[in-house]
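Student: I would like to learn how to read a few features of a protein model. Please take them one at a time.

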Amino acid sequence: MTSGSATGTATGAGTGATVPCSALDAYLASFAEPVGYLNFGSYGPPSRDVVETIGRLASAASAGVPSSGLHAEDERALAAVARLTGFDRGGVALTGSTSLGLMQIAFGLPRGEVVVSSAEFPSNLYAWWRSEEAGLTTVRPLPAVPGQPLAPVTPERVADAVGPDTVAVAVSAVDFRTGTVADLAGLREAVGDRLLVVDGIQGFGVLDADWTLADALVVGGQKWLRAGWGTGFVALSSRALARLRPVLGGWTGVEGASRYDGVPHAPLPGAQRLSVTNGSPFASGALATALEQLESVGVGVVASRVADTAGDLIARLEAAGVPVLSPVERSRRAGLVVAGVAKGEAAAVGARLEAAGVTATVHGDDRVRLSVHATTTPAAIDAALTVLGGRR
């Protein structure tokens with residue numbers, strides 16, 4: 001299904017769930033990005049509802065509304081996170097970004113070895129490198145596949161890499177370079193009783209998945225959730241809660257936080273132990289609004305629209321003779337579609353796309369990454385193909 005007016009109901013991929021198209025229409029109408037915007041893998045422009053929430057809270061703050069009232073947005077956001085992830089409410093906490101959330105996990109792990117692919121996005125590398133520099137963990141790079149530097153992280157590769165000293169395996173739910181979706185169920189089995197740490201920023205909200213397969217799910221809200229910068233969350237399993245220490249936790253992560261007695265207090269029992277300080281109620285409200293909007297139509301419906309549009313884009317690229325470097329199978333990809341271009345030409349192609357009103361990401365010197373959302377229209381695909389298909 002592509003964007004546009006609709007009647008009747010919309011069905012989520014593989015879920016059988018339907019949503020009245022009045023709700024879907026309202027969801028689609030709340031966004032206002034340019035027609036040629038194909039860059040959700042980098043940043044997802046927030047909806048009008050999110051912008052209005054931030055404005056409302058900022059106005060309340062300027063009027064001197066007590067901070068306790070403003071911070072009611074925290075609970076609203078946390079409740080929505082729990083509903084959409086499937087994790088217990090006590091296992092979720094807010095964070096300002098994926099990077100910050102991963103740092104909390106990396107520094108809180110029990111001592112041992114962490115297996116992670118060197119092809120991961122830097123946020124899922126620096127957290128482990130910094131923890132290693134502090135003497136807390138040892139990073140074991142996932143052995144490379146000869147001749148395939150961008151080979152996906154598979155359960156088979158992970159099973160071969162883990163050992164008796166491995167305490168965690170870190171992986172992205174969706175590979176940022178290719179759009180390949182990780183086999184979370186297979187990885188869960190390969191990891192066993194070790195912690196499975198999932199960077200979910202490139203998939204959460206547009207991928208219909210069982211996120212509770214992860215022990216630690218970390219998601220920033222500025223991309224596919226379209227909540228804006230400074231938003232995000234961490235969701236922890238009971239296994240993770242039993243093992244992670246709040247090494248980077250602050251005063252808001254302890255019992256009796258407002259008892260200013262000059263002595264350290266016991267950490268809170270749940271994921272809130274990772275809290276460093278009070279966050280921004282503007283960010284909490286933005287995240288809550290974005291998540292509630294997603295709930296209004298259902299992840300299955302959004303995922304189906306994204307998969308259909310990505311499939312249309314792939315089919316048209318292939319028909320135009322443009323190499324597609326992302327998986328073409330619907331079950332193995334999310335909203336990222338990577339087009340191959342002649343070596344050394346990526347920057348020039350990116351400039352032509354920009355001149356044609358298409359926003360995309362140039363990766364390396366031979367690839368252009370396009371990313372579609374539920375609001376992407378056929379006109380956006382037309383504009384991209386005008387350039388990538390060699391007609392401009």
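Predicted model: local features only at pLDDT ≥ 70, side-chain atom pairs only at ≥ 80, totals over all residues.

Tutor: Residues are numbered from 1 along each chain as its sequence is written, and side-chain values use heavy atoms, with hydrogens and water left out.

Student: How are two packed helices described?

Tutor: By the angle between their axes and the distance between the axes. Helices (H or I, at least four residues) and strands (E, at least two) are DSSP runs, numbered from the N terminus. Axes are lines fitted to C-alpha atoms, for helices over the stretch in contact, and angles run from 0 to 180 degrees between N-to-C directions. Here helix 4 (residues 72-85) packs against helix 10 (residues 281-297) at about 35°, and the axes are 8 Å apart.

Student: Which residues of helix 4 and helix 10 meet?

Tutor: Contact means heavy atoms within 4.5 Å. Among those in helix 4 are A77, A80, V81 and L84, and helix 10 brings residues including L287, A288 and L291.

Student: How is a pair of aromatic rings described?

Tutor: By the distance of the centres and the angle of the planes. Rings of Phe, Tyr and Trp (its six-membered ring) pair if their centres lie within 6.5 Å; planes under 30 degrees apart count as stacked, over 60 as edge-to-face and the rest as tilted. The structure holds eight such pairs. In one of them, Y126 and W129 have ring centres 4.9 Å apart and planes at 80°, so the pair is edge-to-face. Y126 and W129 lie three residues apart in helix 6 (residues 123-133), about one helical turn.

Student: Where is L207 found, and is L207 buried or exposed?

Tutor: Buried means under 20% relative accessible area, exposed over 50%, partly exposed in between (1.4 Å probe, protein chains only). L207 is in the loop between strand 7 (195-199) and strand 8 (216-220), and counts as buried because its relative accessibility is 13%. Leaving out residues up to four places away in sequence, L207 touches V174, V181, V299, A303 and A334.

Student: In what order do the three strands of the open sheet lie?

Tutor: Two strands pair if DSSP finds at least two bridges between them. The order is 10-12-11, with antiparallel pairing. Strand 10 (336-340) and strand 11 (361-363) are the edges, each pairing on one side only. V362 stands opposite V368 in strand 12.
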